[in-house]
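Open the model in your viewer and keep the selection tool at hand. Each stop below says what to select and what is there.

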Amino acid sequence: MPVASQPPLASDRRRVWSWAFYDWANSAFATVVLAGFFPLLFQDYWNASVTAEAANLRLGWTNAAASLVIAVTAPFLGAVADRAGAHKRLLFLFALCGMLATALLGSVPSGEWLAASLLFVCATVGFLGSNLLYAPCWCM
């Protein structure tokens, strides 16, 4: 005999909408910042005084630095989140750091490639760190 479905509780709807908006914003960062505007602005605005090759090398080192930070810290971050039951709190912290660093990129003046690189590393670590914690939170 089939079980009658009940309407979802208000708290369930809120949780679903919260994760839907997080996922939407997360996808926007990956599409707009990582793949779209940052590489163009990094080369043409923050590295306007150097050759395209030098700008691309700097961009590669910036991406490598962000990836290395996450690769080294991810196992510890996951263990801390599991042990302390802090997935949602850490997700919020990493997402907030990523949002702030992304917002601050708009204040970096032309030619300041190092400041743009450091903010981009922080934004990317925030993005990737929150992605690391995202899947377990959905199930809780």
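Select Gly85: just after α2, this glycine takes a positive phi of about 65°. Helices here are DSSP runs of H or I, at least four residues, numbered from the N terminus. The model is predicted: local features need pLDDT of at least 70, side-chain atom pairs count only at pLDDT 80 or more, and totals for chains, interfaces and linings use all residues. Numbering starts from 1 along each chain as its sequence is written, and side-chain values use heavy atoms, leaving out hydrogens and water.

Step back into helix α2, residues 52-84. Now colour the buried residues of α2 (under 20% relative accessible area). Among them are Ala55, Leu59, Thr62, Ala66 and Ile70. An α-helix has 3.6 residues a turn, so residues three or four places apart point the same way.

Next, show the aromatic rings. How many aromatic pairs does a search of the whole structure find? It finds nine. Rings of Phe, Tyr and Trp (its six-membered ring) pair if their centres lie within 6.5 Å; planes under 30 degrees apart count as stacked, over 60 as edge-to-face and the rest as tilted. Select Phe29 and Phe127: their ring centres are 4.9 Å apart and their planes at 35°, so this pair is tilted. Phe29 lies in helix α1 and Phe127 in helix α4, so the pair ties together parts 98 residues apart in sequence. Both Phe29 and Phe127 are buried.

Finish on Phe38, Phe42, Tyr45, Trp46 and Phe120, which ring pairs link into a cluster.

Conventions: Helix = DSSP H or I, 4+ residues; strand = E, 2+ residues; numbered from the N terminus. Buried < 20%, exposed > 50% of the residue type's maximum accessible area, 1.4 Å probe, protein only. Expected span 1.5 Å × (residues − 1).
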